[in-house]
Amino acid sequence: MAISEETLEQLQGEPRWLSERRHAALEMFEKLPTPNKTDEEWRRTDVSRFDPGQFSKLEHLDGHQLILSEPLPQGVILEPLRVAAVKHRELVEPRLFSLAHANRDRFAALHAALFTGGTFLYVPDGIVIDKPIIGRHFSHEAGTSVLPHTLIVAGTGAKFDYLDEYIADSEDEAGYRTGSTEIFVGEGATVGYVAVQKWGRNVWHLADQRAELQKDATLHLFNVTLGGRFSKTRVEASLVGQGADAELKALYLASGEQFFDFHTLQDHRVGNTRSDLLFKGALQDVASTVYAGLIRIEKHAARSDAYQANRNLVLSDKAKATSIPMLEIDNNDVRCTHGATVGPVDPEHMFYLRSRGIPAPTARRMLIQGFFGDVLDRIPFEHARKLVEAELEARIG
């Protein structure tokens with residue numbers, strides 16, 4: 001069954017403005033070509049075998065669970081995105097898909113047309129939430145599309161942490177999955193955001209995580225990729241106010257025939273801004289990964305400070321990691337550093353552990369955990385850190 005207007009009929013009870021946007025996005029999807037290797041962003045990423053029409057059944061229009069450790073302060077809005085589109089149009093309509101643009105490519109358009117469920121979080125000016133808010137998104141059925149979208153708005157001086165967890169009932173399920181997020185960080189606000197992707201190992205996963213930071217705003221964004229046969233994630237931060245500070249961290253563990261693709265952007269639009277990116281991954285079996293990251297310093301962004309690093313630990317002869325850090329600088333008064341490494345486990349480290357009676361599998365696990373350690377320590381809140389540590393330990397063995 002192909003994706004068509006009939007697919008949209010599965011989505012009922014939405015306001016007219018949202019329905020019109022969905023139809024416009026579906027028209028874009030039908031007109032835009034499938035990305036191919038002549039497109040710079042997709043040169044090393046093959047989607048020629050992906051037919052979204054196989055997964056035209058939409059699972060879970062509001063299939064997620066919100067978890068709170070304490071009552072929310074007055075004025076905070078936390079609702080399913082489809083509900084918020086009706087009740088809080090003035091907050092949702094101007095922001096939804098204003099960062100993760102529907103016309104970016106065919107798959108972005110498809111997500112904008114068919115997103116199912118997701119969360120809207122609005123934290124007013126000056127509100128501080130001490131305990132993390134947790135959103136869990138589930139897939140229960142193979143052969144379907146599960147396309148959640150999270151929209152977060154932090155008012156001036158607000159401070160809070162949020163976790164998106166993407167969970168499959170079956171490790172072997174096939175389907176089409178996303179997990180896209182738009183984050184608006186207001187003046188002087190501090191937001192911690194963590195996404196943990198644990199979809200089934202046979203799914204196609206494409207996601208955009210985009211943030212916009214105003215004056216003196218701080219964002220701690222942490223991405224964890226573990227699931228999917230194919231996974232492409234774009235993590236992008238636009239620093240539009242002086243004093244903005246974006247910390248972008250990620251870790252990924254690829255095994256079997258998994259393929260992970262990461263595209264990042266640190267966009268310094270004004271001066272006196274800072275960004276710090278560190279992506280770390282481990283690969284085993286015949287897995288492969290691609291990382292392409294760009295630091296962009298625009299013409300009027302003097303005294304910007306940007307750092308970008310991608311580190312890869314290759315655990316087998318047949319695994320392959322490709323890393324492409326890039327700079328685009330239009331101002332001389334800046335400080336930028338970037339780099340990448342791809343390499344195996346250090347034989348001397350392994351020898352040291354083995355010489356002290358530690359079995360090879362245990363020594364290997366210790367080295368992988370040590371490799372990820374400095375990234376794990378930067379996860380912005382304890383609940384997410386413990387979750388990620390447990391997931392890694394289970395998958396490393």
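**Strands, burial and contacts in a predicted chain**

F184 lies in strand β9, residues 180-185. Strands (E, at least two residues) and helices (H or I, at least four) are DSSP runs, numbered from the N terminus. The model is predicted, so local features need pLDDT of at least 70 and side-chain atom pairs count only at pLDDT 80 or more, whereas totals for chains, interfaces and linings use all residues. Residues are numbered from 1 along each chain as its sequence is written, and side-chain values use heavy atoms, with hydrogens and water left out.

F184 is buried, with a relative accessible area of 11%. Here buried means under 20% relative accessible area, exposed means over 50%, and partly exposed lies in between (1.4 Å probe, protein chains only). A contact means heavy atoms within 4.5 Å. One of these neighbours, I152, is 32 residues from F184 in sequence. The C-alpha atoms of F184 and I152 are 6.2 Å apart in space.

A363 is buried, with a relative accessible area of 0%. A363 touches M350, L353, R354 and I358, again leaving out residues up to four places away in sequence. I127 is 236 residues from A363 in sequence, and their C-alpha atoms are 46 Å apart.

The chain as a whole has 8 helices and 20 strands. Its radius of gyration is 21 Å, close to the 21 Å that the globule rule gives for 397 residues, so the chain is as compact as a globular protein of that length. The radius is taken over C-alpha atoms, and the rule is 2.2 Å times the number of residues to the power 0.38. The C-alpha trace spans about 70 × 50 × 45 Å along its principal axes. Of the 397 residues, 56% are buried. Among contacts between residues at least 6 apart in sequence, 85% join residues at least 24 apart.

Strand β15 covers residues 259-268. Two strands pair if DSSP finds at least two bridges between them. β15 pairs in the parallel sense with β13 (residues 230-239) over 10 bridges. Opposite Q266 in β15 stands A237. β15 and β17 (residues 288-297) also run parallel, joined by 10 bridges. There, D261 has V290 in β17 as its bridge partner.

Strand β12 covers residues 218-225. Of its 8 residues, 7 are buried, so β12 is largely enclosed by the rest of the structure. β12 pairs in the parallel sense with β10 (residues 190-198) over 8 bridges. V191 stands opposite L219 in β12. β12 also pairs in the parallel sense with β14 (residues 245-254), over 8 bridges. The bridge partner of T218 is D245 in β14.
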